[in-house]
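Colleague: Hi! I'm new to this one, could you walk me through it?

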Amino acid sequence: MQQTPPQKEYLNYFGEKEKASLGRFAAARDKILSPLIKVLVRFNLSAKIITLVSFLLLLIFFPILYQQKIYWAALIVLLVHIFLDSIDGNLARATNSASNSGALCDMLNDVTGLVIVALTAAFCSESSFQTCLLVFYAVLYLYFTVFIVVQNVLKKQFNMIIRSKYLFYIVLFSRAFGVVDILTVFVLICCIHMSVHSVLSLKVILKNLD
């Protein structure tokens with residue numbers, strides 16, 4: 001009996017244990033998105049085009065709308081960005097165009113999306129402390145993500161990784177819409193967590209690079 005060749009692995013910031021725990025969710029998401037992916041394939045759209053549109057949409061429109069306090073429109077732009085970012089991988093697999101360069105573009109889009117939102121919020125903040133905190137949060141998130149990817153490549157992932165991106169979006173817009181304002185406290189906690197995580201990650205990486 002002919003064996004199915006193992007699926008090639010590409011750059012990923014989800015470790016094996018994380019991917020296993022997210023397996024059911026990923027399967028359900030792929031099933032729901034399947035009709036849309038078939039339409040995109042029919043129109044010959046590439047995954048990298050979707051990634052680029054997702055990035056440019058957020059980069060161009062989110063800062064303008066958020067600064068003008070048109071929060072509902074800024075939220076819609078963010079949600080569309082997240083949605084497009086979630087389908088580019090499926091599209092790449094459906095068109096047999098998955099690659100490390102595509103995976104890298106996808107991760108960059110994901111990370112820079114968080115950075116764009118955080119820096120926009122920092123620019124619009126009326127508190128100097130909160131502004132500095134949000135900038136620090138954006139920088140730390142970059143290091144945090146890079147270290148996770150390197151650990152995954154080295155097969156030295158941590159058992160548990162707490163990711164704050166989507167919670168940050170919820171907290172930010174809860175404040176914008178006047179529901180509850182815990183942004184400063186939340187970002188401070190996230191900065192402490194990512195600082196500790198990054199130091200531990202760096203120790204693991206340096207140890208395994210020798």
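Colleague: What share of the residues is buried?

Modeller: Of the 210 residues in the protein, 37% are buried. Keep in mind that this is a predicted model.

Colleague: What part of the contacts links residues 24 or more positions apart?

Modeller: Taking the contacts with a separation of 6 or more, 78% are between residues 24 or more positions apart.

Colleague: Let's look at helix packing. How is a packed pair described?

Modeller: Two packed helices are described by the angle between their axes and by the distance between those axes. Take helix α5, residues 100-124, and helix α6, residues 128-153: the angle is about 170 degrees and the axes are 8 Å apart.

Colleague: Is that parallel or antiparallel?

Modeller: That angle makes α5 roughly antiparallel to α6.

Colleague: Which residues make the contact?

Modeller: On the α5 side they include Met107, Asp110, Val111, Leu114 and Ala118. From α6, the residues include Thr131, Leu134, Tyr137, Tyr141 and Val149. By class, the contact of α5 with α6 has 15 nonpolar, two polar and one charged residues.

Colleague: What about α3 and α5, at what angle do they pack?

Modeller: α3 and α5 pack at about 0 degrees, with their axes 10 Å apart. They are therefore roughly parallel to each other. The contact of α3 with α5 divides into twelve nonpolar, nine polar and two charged residues.

Colleague: Now the inside. Which residues touch the most other members of the largest nonpolar core?

Modeller: That core has 38 residues, and Phe62, Tyr137, Phe168, Phe173 and Val187 touch the most other members. At least two residues of this core come from each of α3 (47-67), α4 (71-94), α5, α6, α7 (165-176) and α8 (183-209). There is also a second, separate core of nine residues, which includes Leu33, Ile50, Leu84 and Ala92.

Colleague: Back to Phe168, what is phenylalanine 168 in contact with?

Modeller: Leaving aside neighbours within four places in sequence, phenylalanine 168 is in contact with Leu114, Val117, Ala118, Leu134, Tyr137, Leu183, Phe186 and Val187. Leu114, Ala118, Leu134 and Tyr137 also take part in the contact between α5 and α6.

Colleague: I spotted asparagine 109. Is asparagine 109 buried or exposed?

Modeller: Asparagine 109 counts as buried, at 3% relative accessibility. This residue sits in helix α5.

Colleague: What does valine 204 touch?

Modeller: Valine 204 is found in helix α8. Not counting residues up to four places away in sequence, valine 204 touches Gln151, Lys156 and Phe158. Valine 204 and phenylalanine 158 are 46 residues apart along the chain, with their C-alpha atoms separated by 9.6 Å.

Colleague: Switching to the backbone: what should I know about phi?

Modeller: Most residues other than glycine have a negative phi. Here lysine 69 has a positive value, near 60 degrees. Lysine 155 also has a positive phi, of about 60 degrees, although it is not a glycine.

Colleague: Where are lysine 69 and lysine 155 placed?

Modeller: Lysine 69 is in the loop between α3 and α4, while lysine 155 is in the loop between α6 and α7.

Colleague: Last one: how accessible are lysine 69 and lysine 155?

Modeller: Lysine 69 is exposed, with a relative accessible area of 58%. Lysine 155 counts as partly exposed, at 48% relative accessibility.

Notes. Residues are numbered from 1 along each chain as its sequence is written. This is a predicted model: local features need pLDDT of at least 70, side-chain atom pairs count only at pLDDT 80 or more; totals for chains, interfaces and linings use all residues. Side-chain values use heavy atoms; hydrogens and water are left out. Axes are lines fitted to C-alpha atoms, for helices over the stretch in contact, and angles run from 0 to 180 degrees between N-to-C directions. Helices (H or I, at least four residues) and strands (E, at least two) are DSSP runs, numbered from the N terminus. Angles under 35 degrees count as roughly parallel, over 145 as roughly antiparallel, 65 to 115 as roughly perpendicular and the rest as oblique. Contact means heavy atoms within 4.5 Å. Ala, Val, Leu, Ile, Met, Phe, Trp, Tyr, Cys and Pro count as nonpolar, Asp, Glu, Lys and Arg as charged, and the others, Gly among them, as polar. A nonpolar core is a set of buried Ala, Val, Leu, Ile, Met, Phe, Trp, Tyr and Cys residues joined through side-chain atoms within 4.5 Å. Buried means under 20% relative accessible area, exposed over 50%, partly exposed in between (1.4 Å probe, protein chains only).
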